[in-house]
Amino acid sequence: MIHVQTTLNGEPVEFLCEPRQSLLEVLRETLGLTGAKEGCNNGNCGACNVLLDGALVNACLVLAGEVQGRTLTTIEGIAPAGGLHPLQRQFLEHAALQCGFCTPGFIVAAKALLDCTPQPTELEVRQWLAGNLCRCTGYDRIVRAVLAAAEEAQA
Amino acid sequence: MTTTAKPAQFKVLGSTPVRQDGVDKVTGRAQYGADIRLPGMLSGAVLRSPHAHARIKSIDTRAAEAYPGVRAVATARDLPDLESKVADLGEGSVNLRYQSSNLLARDKVLYFGHALAAVAAVNAHVAEAAAALIQVDYEILPPVLDVRQAMRPDAPILLEELRTDELGQKGEQPTNIAAHYLDETGDLEQGFREADLIVEREFTTAMVHQGYIEPHSATALVTADGQVTIWCSTQGAFGVREQTAEILRLPASKIRVIPMEIGGGFGGKIGVYLEPLAVLLSRKSGHRPVKLTMSRREVLAATGPTSGSSIKVKMGANRAGQITAAQATLIYEAGAYPGSPVGSAMGVIFAPYRLRNARVEGYDVVVNKPRTAAYRAPGGTNAAFASETVVDELAERLGLDPLAFRLQNGVQEGDRRVNGVAYKRIGLLEVLRAAQGSAHYQAPLAGPYRGRGVAAGYWGNYGGKSSASASVNADGTVSLLEGSVDIGGSRTALAMQLAETLGLPTESIRATVADTDAVGDTEGTYGSRTTFATGWAVYEVGQQLKAKLCERAARLWGVPADQVQYADGSFASGEQHLTLAELAAQLDRLGGPVVASAAVQPKNYGPGFAAHIVDVEVDPETGKVQVLRYTAVQDAGKAVYPNYVASQMQGGAAQGIGWALNEEYVYDAQGRLLNANWLDYRMPVSLDLPMIDTLIVEVPNPGHPFGVRGVGEVPIVPPAAAVANAIYRAVGVRMTELPMAPGRLVAALQAG
Amino acid sequence: MPVVWIPALLRGLTGGRASVLAAGATVADVITSLEAQYPGLQARLTTDGQLRPELAVVVDGQTSPLKLRQPLAEASEVHFVVAISGGA
């Protein structure tokens with residue numbers, strides 16, 4: 001077992017894990033944070049997206065041991081205390097989810113986009129989100145929600 | 001963008017409140033199947049066949065049982081023997097013996113990935129390592145991977161006892177042809193004689209998967225008193241209870257199924273794969289909870305994709321633009337056990353057209369692939385790909401606009417389908433006219449290698465049994481319990497229908513998806529039935545609540561109940577007035593709680609029609625097709641929750657586009673699935689699609705209190721044909737094989 | 001008298017007729033009456049006293065959950081069709 005200390009959603013957290021365990025597995029099984037989902041376990045769907053030192057990663061492709069001393073943000077850490085992040089609100093306003101399973105991954109991914117490109121074009125949104133699979137919505141409303149959140153942040 | 005046919009006549013229906021489960025879903029708090037945690041929970045793994053077709057000579061599980069951390073192992077020996085009993089699971093029947101064998105193979109494995117054994121251990125890694133130690137002695141048999149091959153007299157036989165069924169008449173010989181169907185009307189020969197133009201084409205479509213993002217997951221706990229609780233991701237908790245009870249020979253009353261939130265289903269999460277295995281393991285492990293979750297590889301290889309198919313279509317029309325004859329032969333892959341959707345495909349194939357002379361024939365054929373399951377308008381996309389491209393070719397060669405040609409031959413109320421049933425009020429013509437008048441269709445399309453295609457689609461929809469119950473809270477709000485799993489916003493659409501019935505705002509109704517112990521029997525969330533049928537149950541509940549509340553107001557005022565009027569949350573009698581909140585606060589003094597429940601089995605579901613328009617650009621060197629613009633037009637009857645109706649249309653279109661351009665199962669000659677992962681099974685991503693415009697037409701269904709028609713399935717029917725027709729107009733080739741992947745398109749361009 | 005539309009695969013039993021009149025107050029009665037006119041039909045439409053599971057019965061344009069018990073009006077139209085399966 002290895003001992004890992006990290007900052008998770010703004011709080012110091014430590015856990016024990018086996019060297020072979022992915023970050024996704026530890027988040028879900030050890031830390032009880034089930035917002036990141038397993039859709040494919042090999043980096044093809046984005047349902048497990050988290051931010052590692054602010055960069056968008058698939059938690060299924062990161063070993064839990066790799067987050068030692070680093071900063072993690074999961075979907076559970078996106079909303080400000082007592083409220084919703086503009087992305088979350090716009091997803092609801094735009095009906096940008098049906099089953100909602102891919103939604104945490106999309107919101108984390110979109111946050112990473114807006115953090116580095118505050119005013120993306122539709123094409124930039126689609127390119128950025130091409131690593132997140134949605135089977136329910138056809139992406140239309142998701143893209144509109146992200147653009148609306150970007151606009152809201154500028155207003 | 002939406003349009004409605006009439007001005008608003010409803011107070012709540014047609015509005016867009018934020019969905020009630022929305023906050024949980026955007027914050028990651030919502031609990032899906034695999035998110036459940038129980039004390040002492042074990043994790044499971046399933047051993048699956050590496051062969052497509054083999055006899056099982058022996059299974060030795062001892063090494064797995066002895067592996068440290070393993071608590072239970074189960075094989076088919078642990079499943080009760082079932083007769084070849086057919087259970088009526090509402091929308092489709094299932095042969096339970098086949099379904100049991102599909103869960104854990106008995107004497108043969110019939111597809112790559114067929115489950116043989118299940119292991120429960122302290123964690124999933126241990127379970128997987130132990131499962132790999134199970135020794136299976138196989139006698140490998142030649143696989144059958146293509147329906148035409150399977151139908152040959154010398155083909156290897158999958159199921160020795162299978163005989164071709166023709167409406168109750170069984171064939172004599174062992175066969176892979178499970179069933180033969182036929183619908184016929186008029187005089188086909190005469191119809192073709194009357195045609196000035198005949199088009200005949202043969203089509204092939206590949207097996208594809210529903211592609212839900214959430215893999216299957218089921219957790220079961222059998223306690224020492226024999227009570228079974230199952231938490232699972234499913235489209236229908238009652239269906240899980242019924243199937244589990246039948247397969248394990250347990251009383252249904254001992255089984256409680258609690259549906260978790262579900263991450264997509266599209267028909268693939270109606271049949272059980274894991275639940276009975278989890279129950280067996282829980283029992284064998286000394287009554288520990290056992291969770292089984294599939295990997296993506298397992299989902300693709302071993303759940304229920306939909307049929308690949310071989311379809312022949314021949315249609316004739318006269319110079320005046322009238323279709324005079326239509327003929328189709330549909331051969332669908334059932335997978336390892338009988339039950340492809342060829343029957344419903346036969347109902348889709350010529351559905352939009354008035355036909356005096358027609359013949360539609362279907363074959364259900366087993367092959368060594370996973371047993372097919374429903375996929376959104378099952379059988380429909382393949383069928384429409386065939387018929388709507390032939391219709392397009394007829395129109396083009398007659399020099400007629402493709403939508404005008406469809407309008408000329410389009411069905412209306414009173415017209416008969418090929419099976420003889422007459423349509424009631426339907427909205428096909430309205431949909432076609434809306435498509436013609438749309439901004440998309442009116443806009444010119446310029447540029448090389450660009451083309452515009454259209455296609456129509458139909459789905460019959462469904463009713464089925466639904467139950468709901470509600471109680472009035474002391475503050476005048478209402479708590480609603482309903483039995484329909486919420487895959488795409490339905491709990492809110494149901495809250496809205498109760499709100500409409502009671503004249504209250506949606507926020508006053510709190511809707512909860514209830515488990516099998518907490519609400520009456522309700523068929524699953526499929527068949528485009530939920531807003532329609534469970535909505536009707538909710539409407540009945542609302543009527544009962546109104547009646548009971550009026551009685552209480554009458555008691556308060558000392559007047560006969562029929563002198564109390566109720567409207568929009570207020571009671572009145574003469575000069576006296578009372579709000580629902582004021583009345584609710586006094587219920588204890590007026591006779592006690594007010595509750596109501598209803599169960600329905602409504603028949604008057606109305607079919608839905610759609611027309612899709614797509615502009616594409618083809619790269620002639622690479623064969624890549626870019627979708628430039630897409631418009632989906634559809635008759636929703638009455639759009640209760642319009643954003644979510646539009647979203648169904650967009651989602652169906654996206655799945656259809658993936659089916660059209662990229663998705664297919666690729667098997668090697670030994671029957672091993674080569675692309676059981678999401679890198680190689682290529683579904684559309686955000687970069688593959690434009691915005692998808694939607695036009696909702698409302699031709700109310702006269703059979704529903706609010707005019708609702710099912711909407712979920714129709715939108716997947718037209719896209720493949722629409723894209724094929726667009727490709728033809730872009731580069732002049734008629735594609736007859738799905739998917740129209742780049743390599744195939746380039747080959748067709750080079751050949752043509 | 002109700003009109004019963006005969007599934008194409010069974011028209012060999014009715015001398016090629018695509019629809020026939022058959023007396024009966026319910027679908028079950030009408031099948032019994034059909035059997036008298038055209039022996040062999042009942043065994044194709046029903047099994048163990050129930051409608052064959054792969055069939056649905058449509059009366060006056062609506063699929064009937066009551067199946068064999070569905071009451072009929074004097075001018076009712078009865079069809080036996082393949083039961084559909086659904087997705088979501």
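1. A crossing of two helices is left-handed if the near helix is turned anticlockwise from the far one by less than a right angle, and right-handed if clockwise. In chain B, helix α11(B) passes α19(B) in a right-handed crossing. Helices here are DSSP runs of H or I with at least four residues, strands are runs of E with at least two, and both are numbered from the N terminus.

2. A word on the source. This is a predicted model, in which local features need pLDDT of at least 70 and side-chain atom pairs count only at pLDDT 80 or more, while totals for chains, interfaces and linings use all residues. Residues are numbered from 1 along each chain as its sequence is written, and chains are lettered from A and ligands numbered from 1 in the order in which they are written.

3. Back to the helix pair. α11 of chain B spans residues 380-398 and α19 of chain B spans residues 719-731. They pack at an angle of about 35°, with their axes 7 Å apart. Axes are lines fitted to C-alpha atoms, for helices over the stretch in contact, and angles run from 0 to 180 degrees between N-to-C directions. From α11(B), the contact uses B:T381, B:A384, B:F385, B:E388, B:T389 and B:D392. From α19(B) come B:A720, B:A721, B:A724 and B:N725. Contact means that the C-beta atoms of two residues, placed from the backbone, lie within 7 Å. By class, the residues of this contact are 5 nonpolar, 3 polar and 2 charged. Ala, Val, Leu, Ile, Met, Phe, Trp, Tyr, Cys and Pro count as nonpolar, Asp, Glu, Lys and Arg as charged, and the others, Gly among them, as polar.

4. Which chains share the most contacts? Of the 2 pairs of chains in contact, that is A and B. Chain A gives 41 residues to this contact and chain B gives 41. On the side of chain A, the elements with two or more residues are α2 (86-93), α3 (103-116), α4 (122-128) and α5 (140-154). That side has 21 nonpolar, 13 polar and 7 charged residues.

5. Chain C also meets chain B. The contact takes 26 residues from chain C and 44 residues from chain B. On the side of chain C, α2 (41-45), β6 and β7 each supply at least two residues. β7(C) gives the most, with 3 residues. The side of chain C has 14 nonpolar, 9 polar and 3 charged residues. Chain A and chain C do not touch, and their nearest C-alpha atoms are 11 Å apart.

6. Chain C holds an open sheet of 5 strands in the order β2-β1-β7-β5-β6, with mixed pairing. Strands pair if DSSP finds at least two bridges between them. The edge strands, β2 (19-21) and β6 (62-63) of chain C, each pair on one side only. Strands β1 (residues 3-5) and β7 (residues 77-82) of chain C run parallel and are joined by 3 bridges. C:W5 stands opposite C:H79 in β7(C).

7. Domains of chain A: domain 1 is 2-77 and domain 2 is 86-154. Domain bounds come from an automatic or database domain assignment. The centres of the two domains of chain A, taken over C-alpha atoms, are separated by 21 Å. In chain A, 14 residues of domain 1 are in contact with 12 residues of domain 2. Strand β3 (residues 49-52) of chain A provides the largest share of the domain 1 side, 3 residues. That side divides into 8 nonpolar, 5 polar and 1 charged.

8. Domains of chain B: each is assigned in two segments, domain 1 as 22-30 + 463-600 and domain 2 as 379-461 + 606-751. Their C-alpha centres lie 38 Å apart. In chain B, 15 residues of domain 1 are in contact with 15 residues of domain 2. On the domain 1 side, α15 (490-502) and α16 (530-557) of chain B give two or more residues. By class, that side has 5 nonpolar, 8 polar and 2 charged residues.

9. Some backbone details in chain B deserve a look. The peptide bond from B:L738 to B:P739 is cis, with omega near -5°. B:P739 is in the loop between β31 (737-738) and α20 (742-751) of chain B. B:L167, in the loop between β9 (165-166) and β10 (169-170) of chain B, has a positive phi near 45°. Is B:L167 buried or exposed? B:L167 counts as buried because it has 21 C-beta neighbours inside 10 Å. A residue is buried if 20 or more other C-beta atoms, placed from the backbone, lie within 10 Å of its own, exposed if 12 or fewer, and partly exposed in between.
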